[in-house]
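User: I'd like to learn how to read a protein fold from its coordinates. Could you walk me through one?

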Amino acid sequence: MPSRLAADDQPLAGVEVLEVSGGPSGAYCGRVLRLLGASVVRVDLPLVADVPAHLRPDLGEVLHEGKRALAADGPVSVRKVLMRCDVVVADSSGDDAADGAVAALTTDLLAACPPDTPLVDVAGLRDGLEEGTDEPCASIVATAASGMSWGLGHPGEPPLTLPYDLPEYLTGTEAAAVAALAVLLRRGIADPGRRWDVCSADVLPYERPWRRDGARATMSGGSYPAAMFPCRDGWVSIMCRTQREYRGLLSALGHPQWSTRPGFDDSRVVARLHADEADRHVMAWTGAHTRAEVFSAGREHGFPVAPVSSLGEALGEEQFAHRDFFARDGRGRRRAGSPFQLYGPSSDAPPRTSNWPAGGATPSSP
């Protein structure tokens, strides 16, 4: 059985990160790096987040768990870390939802950053909405600038935005990957690059034309269906990405007559031309069943389906318990743990091999 990696064996063990963050994107980036074994030192700045004021300290506890905080008015200690750290993560050089002091502090620190230290500069919107401007950017602005809001909502109704700073957490995840890459490159390359830009408006776009399509992904994401459907006791999400999965859905529906018409036998054609009509038939079927019954049909016939759970239901999901996802804070309250677990090979397991040639090698002829 593989065992979880010890702290000293984590991928970023021995790496020191300086986090200069006033928002969730930089703070979540630092959290992911910390979970990968890095030592994260953060400048103690106020957290500005889309969360009720009385819950902000709880959010801060989760985002900053395991980090060491240095006072923002202690420039000597902060600069000592700046001079020796392996990578700097900052999300407030241009975007400061506080009073401007955070951006000013960030600008001063980045100006003093050693030229060979990689800097991951996180922003919501790199360029202003008007040419030649550079504007602060909240999540709602990044969602609009990326074009994502154009595709969220129902046809003919106002566009929607992603809630609860979700763009910032997606951006923080990308920033963590960039920071880890910068550290790895620095270990093997003399100059991996001075500045790495990560921008929410660039992270969010989806490489398909967007249009508001209600509970369905635009053009079903290329293959029908990719939507949420109402049931007797809530909603389910059904996403068939292959023709085999689509045939499984039709099997669960009893191979209805409408599915034998020209164009309805190909999930990609249905996505482009017949999604509205197909939705009516699928909704009639899901609406006559419970979420559990639809989920059971998905397992039996081989198509992907998942219940759309309430927050309370999600907290009780078996998978979360199986993965030991939740942790307890100092007051015994359950909260989100690590989004991943890292395991090493078991001592008695043979090494895994691959048929792919080593990097730079030329595959031999058959």
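Predicted model: local features only at pLDDT ≥ 70, side-chain atom pairs only at ≥ 80, totals over all residues.

**Reading the sheets and salt bridges**

Analyst: V88 has L119 in β6 as its bridge partner. Two strands pair if DSSP finds at least two bridges between them. Helices (H or I, at least four residues) and strands (E, at least two) are DSSP runs, numbered from the N terminus. Residues are numbered from 1 along each chain as its sequence is written, and side-chain values use heavy atoms, with hydrogens and water left out.

User: What is the strand order in the open sheet of six strands?

Analyst: Strands of a sheet pair through backbone hydrogen bonds, either parallel or antiparallel. Here the order is β4-β3-β2-β5-β6-β7, with parallel pairing. β4 (68-71) and β7 (195-199) each have a single partner strand, so one side of each is left without a neighbour in the sheet. Direction ignored, neighbouring strands of this sheet are turned by 20° against each other on average.

User: Which strands does helix α3 lie across?

Analyst: Helix α3 (residues 75-84) lies across β2 (16-20), β3 (39-44), β4 and β5, and runs at about 130° to β4. Axes are lines fitted to C-alpha atoms, for helices over the stretch in contact, and angles run from 0 to 180 degrees between N-to-C directions. Contact means heavy atoms within 4.5 Å. Helix α6 also packs on the sheet, touching β5, β6 and β7, and its direction makes about 165° with that of β7.

User: What is the order in the open sheet of three strands?

Analyst: That one reads β8-β9-β10, with antiparallel pairing. The edge strands are β8 and β10, each pairing on one side only. From one strand to the next, the twist averages 30°.

User: How many bridges join β8 to β9?

Analyst: Six bridges join β8 (residues 226-231) to β9 (residues 234-239), and the two run antiparallel. They form a hairpin with two residues between them, and A227 stands opposite I238 in β9.

User: Which residues form the nonpolar patch on the surface?

Analyst: M228, W235 and V308 form it, with about 250 Å² of accessible area together. Patches are made of residues with over 30% relative accessible area and no salt bridge; like charges are joined within 9 Å, nonpolar side chains (Val, Leu, Ile, Met, Phe, Trp, Tyr) within 5 Å. Areas come from the Shrake-Rupley method with a 1.4 Å probe; for residues, only the protein chains shown count as cover. V308 is found in β10 (residues 305-308).

User: Is V308 buried, exposed or partly exposed, and why?

Analyst: V308 counts as partly exposed because its relative accessibility is 33%. Buried means under 20% relative accessible area, exposed over 50%, partly exposed in between (1.4 Å probe, protein chains only).

User: How many salt bridges does a search of the whole structure find?

Analyst: Side chains of opposite charge can pair when their charged atoms come close. The search finds 20, where a salt bridge is a side-chain nitrogen of Lys or Arg within 4 Å of a carboxyl oxygen of Asp or Glu. In one of them, the side chains of R31 and E65 meet at 3.5 Å, N to O. R31 lies in helix α1 (residues 24-35) and E65 in the loop between α2 (56-63) and β4, so the pair ties together parts that are 34 residues apart in sequence. R31 counts as buried at 5% relative accessibility, whereas E65 counts as partly exposed at 35%.

User: At what distance do the side chains of R42 and D44 meet?

Analyst: Their salt bridge is 3.3 Å, N to O. R42 is buried, with a relative accessible area of 12%, and D44 is partly exposed, with 41%.
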